[in-house]
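Hello,

Here is the structure I promised to pass on to you. Please have a look at it first, and then read my notes below.

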Amino acid sequence: MTNSKKNRIKDKLFEYFGIACTFFGLVMLAIFIGNILIDGLTRIDLDFLQNLPSRKPEKSGILTAWTGSLWILCFTTLIAFPLGVAAGIYLEEYGKKSSLSSLLEVNISNLAGVPSIIYGLLGLEIFVRVFSLGNSILAGAFTLALLILPIIIVATREAIRAVPPSIRAASYGLGASKWQTVWHQVLPASMGGIFTGVILAISRAVGETAPLIVVGALAYVPFTPSSPMDEFTVMPIQIFNWVSRPLHGFTINAAAAIIILLLITFIMNGIAVYLRNKWQKKISW
Amino acid sequence: MKKRRLEYFIELILKACAVVTILTTIGIIWVLLSESLTFFKEVSIKDFLTDTEWTPLFAKKHFGILPLISGTLLTTFIAVCVALPLGLVIAIYLSQYAPKRFRKIIKPLLEVLAAVPTVVYGFFALMVVTPFLQNLIPNMAGFNALSAGIVMGIMIIPFVSSLSEDALQAVPKSLKNAAYGLGSTRFQTSFRVMVPAASSGIIVSVILAFSRAIGETMIVAIAAGQQPRLTANPLVPIETITAYIVQVAKGDVPHGTLEYRTIFAAGITLFVFTFILNNISFWIRKKYREQYD
């Protein structure tokens with residue numbers, strides 16, 4: 001065999017190896033989701049969604065968990081969305097090249113690398129104790145909002161950066177002030193990108209477990225929350241709780257709850273990808 | 001005049017929102033420092049760093065962080081051993097071999113791996129991977145570092161692959177074309193030209209993967225066990241820093257006690273690790289960014 005033939009075979013072999021590696025993770029995920037579906041799919045019915053947690057696995061439901069997740073999701077969004085977008089606007093449109101903004105930039109990329117459980121410790125000390133919110137939905141939502149803030153800021157900045165300067169120049173040329181330009185031109189043009197980022201950030205928050213455990217979300221809550229100051233549990237914590245129990249019935253419950261959590265996550269990610277594609281097509285400057 | 005004041009006011013509000021991120025950092029550092037300083041008044045730093053036992057919840061208390069660190073590093077090491085080769089090969093394949101259309105479909109699919117909540121991966125490790133591995137390795141414990149590490153590795157594959165791919169894409173086309181022009185195959189071009197040229201970016205992706213794996217919590221809390229021990233054996237139950245924090249937070253440890261403060265001491269250790277790794281990666285990125293421009 002000549003050298004060049006050998007090289008070509010090596011090249012081809014690596015191509016197959018590359019395909020195999022690319023699919024390895026996805027196949028593992030598929031096996032896993034298949035497993036979960038087999039375990040949990042038959043467990044999902046209306047009662048499972050409507051029942052309170054119970055000591056008997058077949059009577060337990062995820063009512064408190066999904067309502068808790070919904071509360072957390074709403075409040076986290078309410079807090080993080082305006083904060084993150086405003087910060088993104090500031091960094092991209094106002095504070096360029098100031099020493100404050102370079103500090104902000106380094107700081108934000110550092111925050112993005114802080115483990116989520118550390119945010120839990122922050123929330124436990126600041127929101128639960130200093131602000132004395134207790135183990136409430138509000139304390140959890142504030143903690144998660146800080147956690148996803150860097151994601152929203154980065155997404156906002158990228159979306160704003162994609163708006164060409166000519167749009168701003170035209171707006172200024174017509175006599176608009178800076179804020180009018182931002183509010184009426186830049187923001188509408190970048191909304192697609194911003195929403196994509198926000199949805200991805202929220203979907204991350206929905207799946208987050210560790211910081212909420214630290215903040216004191218309970219594994220067992222026998223009622224659905226009725227105000228933001230109530231104690232709460234969320235889907236991932238309910239799953240964690242069921243996984244840690246030896247009884248087989250609870251494992252099946254966990255699988256069923258995972259199906260629902262995954263469904264929520266995938267739908268949100270799907271919407272984000274759809275939005276991104278739609279906006280990319282629609283706006284071509 | 002009124003308008004100008006309004007503009008100024010709006011800018012001030014936007015600035016305040018941006019400053020929240022700085023307050024967050026200050027908050028994190030203040031919380032970790034103040035609680036762990038009180039902790040270190042009762043436990044000497046020397047004991048903390050050299051004692052080989054971590055039993056703060058038992059009657060006979062030891063406060064040596066080493067077992068937790070070894071547990072963390074063990075799972076992290078296994079995870080990186082899984083994610084690095086796979087992620088790198090995927091990055092090379094996608095950037096040098098794969099047709100454009102295939103890449104467009106497969107990249108969002110790979111991102112799904114990172115979007116799955118970690119508690120779900122924990123379930124996967126405990127209920128699927130551990131029983132499977134127990135068939136192959138009969139004396140493996142139900143909780144162990146190996147399954148947790150492997151699953152964590154699968155989770156961070158897209159992390160390594162997308163960062164490495166970015167690094168490979170950033171290599172100037174001329175280098176690649178020169179290699180092809182000299183008659184190299186794609187394999188030779190990839191490994192003798194592209195990977196060395198993109199090495200700094202690839203190293204950054206590995207460091208960030210490390211930092212990510214060190215801070216990962218739920219997979220290890222579910223599947224790796226709650227027994228802090230100083231060992232490199234991946235088949236026995238261990239405990240990581242993050243899993244310890246969860247274990248304590250889950251229980252009912254009253255505020256203000258020494259046990260309560262241990263989670264902040266553990267937290268600051270974790271924070272220091274990830275902070276150093278993240279900053280090394282920033283430094284590398286900055287230093288080697290414009291090498292080819």
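In chain A, 77% of the contacts with a separation of 6 or more are between residues 24 or more positions apart. Please keep in mind that this is a predicted model. Chain A has eleven helices and zero strands, and 46% of its 285 residues count as buried. Along the principal axes, the C-alpha atoms of chain A fill a box of roughly 75 × 70 × 35 Å.

Chain B has its own tally: twelve helices and zero strands. Buried residues make up 48% of its 293 residues, and its C-alpha atoms fill a box of roughly 80 × 70 × 35 Å along the principal axes. Among contacts in chain B between residues at least 6 apart in sequence, 74% join residues at least 24 apart.

Chain B is also divided into domain 1 (2-42) and domain 2 (66-288). The C-alpha centres of domain 1 of chain B and domain 2 of chain B lie 31 Å apart. Where these two domains touch, domain 1 of chain B gives six residues and domain 2 of chain B gives eight residues. On the domain 1 side, that contact divides into two nonpolar, two polar and two charged residues.

Now to the place where the chains meet. The contact takes 66 residues from chain A and 68 residues from chain B. On the chain B side, helix α1 (residues 2-42) gives the most, with 19 residues. By class, the side of chain B that touches chain A has 45 nonpolar, 16 polar and seven charged residues.

Two helices of chain A are worth a visit in your viewer. Helix α6 (residues 137-161) of chain A has 25 residues and reaches 35 Å from its first C-alpha to its last, close to the 36 Å expected at 1.5 Å a residue. There is a bend of about 40° in α6(A) at A:Ile148, and a proline, A:Pro150, follows within four residues. Of the 25 residues in α6(A), 22 are buried, and the helix is mostly covered.

The other is helix α10 (residues 235-243) of chain A, where you will find A:Phe240. Nine of the nine residues in α10(A) are buried, among them A:Pro236, A:Gln238, A:Asn241 and A:Trp242. Why does A:Phe240 count as buried? A residue is buried if 20 or more other C-beta atoms lie within 10 Å of its own, and A:Phe240 is buried because it has 27 other C-beta atoms within 10 Å. Leaving out residues up to four places away in sequence, A:Phe240 touches A:Thr209 in chain A, and B:Val119, B:Met218 and B:Ile222 in chain B. The C-alpha atoms of A:Phe240 and A:Ala254, 14 residues apart along the chain, are separated by 7.8 Å.

Finally, the nonpolar core. Which residues touch the most other members of the largest nonpolar core? Of its 172 residues, they are A:Ile152, A:Ile239, B:Phe123 and B:Val151. Not counting residues up to four places away in sequence, A:Ile152 touches A:Ala80, A:Phe81, A:Gly84, A:Val85, A:Gly197, A:Val198 and A:Ala201. A:Ile239 is also one of the buried residues in α10(A).

Happy to look through any of this with you.

Best wishes

How values were computed:
Residues numbered from 1 in each chain as written. Chains lettered and ligands numbered in written order. Predicted model: local features only at pLDDT ≥ 70, side-chain atom pairs only at ≥ 80, totals over all residues. Core = buried A, V, L, I, M, F, W, Y, C linked by C-beta atoms within 7 Å. Buried ≥ 20, exposed ≤ 12 C-beta atoms within 10 Å, placed from the backbone. Contact = placed C-beta atoms within 7 Å. Nonpolar A, V, L, I, M, F, W, Y, C, P; charged D, E, K, R; others polar. Domains from an automatic or database assignment. Expected span 1.5 Å × (residues − 1). Bend = angle between axes of the 7 residues up to and from the residue.
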